[in-house]
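Below are some brief notes for a colleague looking over this entry. They take up surface and fold first, then a helix pair.

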Amino acid sequence: MSQESGPVDFSFWPGTFLWRFVFACTGVGLLSCSTLHVHAQVPAVTNFQPHVEGLLMKASYHKGSSFALRKGSLLPRNLVNGTGSLEALIRQKVAQNPGAFLAAGSPLELEIVEFELVSKERWLSARSSARLRAIVRRGTNAPREFFFEETIDSHVTDTVTLLSTVSLVGWLWYAPYLGFRGTIVDQLDYLGRRAIGALLLALAGSQASP
Amino acid sequence: MRIVLLGGALALASLCNCYSTAKFYTPGQPYYGQNEVPAGNFTDEDPQFESGEPYLLIDKPGHYFFSLFAKLILWNWSVGDHDISQETKEYLQNYMTLNGLTGVKVRFNQYAPVAEFMRLTRNGRVHWGLRYSLGLLSWLVYTIFPERLFAGLIGGDHYNQYTNTINLYSNSVPIALHEGGHAKDFEMRVHRNAYALLRAVPVAGALYQEAVASDDAVVYLRMRCEKERELQAYKELAPAYGTYLLGPFLAGIGTLVAALPGHGYGYYKRNKEKKIPLPGCGGLKVP
């Protein structure tokens, strides 16, 4: 899984330049085209993967080239995460406070079975969703399955952006809507943080009651 | 007049169901690049939270004269009252602690042009080109027209992204959290320079950022299960949002009209939410 800090990959779409120009003219492209920032609160090092004694991590899900995928109504986009892969984020968070997640003499084995952060758009509606499935093994205890799923339905789409731009006055409705509902990047950020946060809560809970 | 009516209609349409309180609250996680310092290096001489000394000769004219128009527009006596309670301060402090805003300075009713200039020069999280153009301009306005006196007439409660400082002059919890929401929003952005520039895009830029900040304040209060405060937030933040929506099209006294859709929405939302019990209180608490 290649996780690098950098701009969103537009390379596979023929109308990319025109679309970016339209976005740039509206200024709101700055929101739509930004890198994801789903991350633990550890600064400075991109994809920093600290070694944590007593934590074994495996990832058996299919890793694409991106952290999240936006299947736009006009163009699809792969979104990278500015601070690293899912595994890196979990390692960072556990390393910050190992006492909350790890118990002495009882290694924690975490297998990420499924992780999907995706937004699918139709012309005027979109659904952003996060799915995270993991198996938690702690020492000799029986493995436990963790599953998280959440969705956000909205009208935040490329088409609505385009219509707002063409009509101009449409931004009077769309800009507040974007602010309160969040751009697709905001939504994916939120869902990513929710998924990771829920997993960490479950890990902390399993530490408290093995 | 047609433009005003059209704007009003759109304003009402956009305000429908605007606060996304179905969301869980997620604590902020400020983004720091490779060479950026996470903390603000605050000291005893330069603490993160500072309050200005009370001066009746400045604060009272500010409260009873210069902020009257803003009070009228927002129909809120606490706007620009220059008397911030310990409770309001603690709300903002708790909010900032939860969201990891360790580098953000807060000035409660304080005028500090020299210190703000120093923060402007030292804020490596925004490109120098922006700091010494737009940032310097905002500092000049702050220096020449002290909000300590003029808040509500010229300037007022705000977050300055170029100095990374929250300036508060109103004793209002929702307004304090709203400004904290701006800081959180900005601190979490990867492309902060672009995001700062977005603010300069007429109408749309402000509408987006103001919505994010207000939404965060409301969802935060909901997470804390504080119904009364949440209702207060609708009352105080919705009219302010209305001024961003229609204000640019209406000058002077017209700003009063601009706030009306927001007042209407705030009233509607308060009455609606008042009757609904809070569903499963509590947000995400990451250990």
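1. Accessible areas here come from the Shrake-Rupley method with a 1.4 Å probe, and for residues only the protein chains shown count as cover. On that basis chain A exposes about 8700 Å², of which carbon and sulfur atoms supply 59%.

2. The model is predicted: local features need pLDDT of at least 70, side-chain atom pairs count only at pLDDT 80 or more, and totals for chains, interfaces and linings use all residues. Residues are numbered from 1 along each chain as its sequence is written, chains are lettered from A in the order in which they are written, and side-chain values use heavy atoms, without hydrogens and water.

3. Chain A has 210 residues, and 57% of them count as buried (under 20% relative accessible area, 1.4 Å probe, protein chains only).

4. Seven helices and six strands make up the secondary structure of chain A (DSSP runs: H or I of at least four residues, E of at least two, numbered from the N terminus). Their order along the sequence is α-α-β-β-β-α-α-β-β-β-α-α-α.

5. In chain B, the axes of α4 (residues 86-98) and α8 (residues 173-188) come within 9 Å and cross at roughly 25 degrees (lines fitted to C-alpha atoms over the stretch in contact, angles from 0 to 180 degrees between N-to-C directions). α4(B) is therefore roughly parallel to α8(B), a term for angles under 35 degrees.

6. Which residues of α4(B) meet α8(B)? They are Thr88(B), Tyr91(B), Leu92(B) and Tyr95(B); their partners in α8(B) include Ala176(B), Leu177(B) and Lys184(B) (contact: heavy atoms within 4.5 Å).

Notes: Parallel < 35°, antiparallel > 145°, perpendicular 65-115°, else oblique. Buried < 20%, exposed > 50% of the residue type's maximum accessible area, 1.4 Å probe, protein only.
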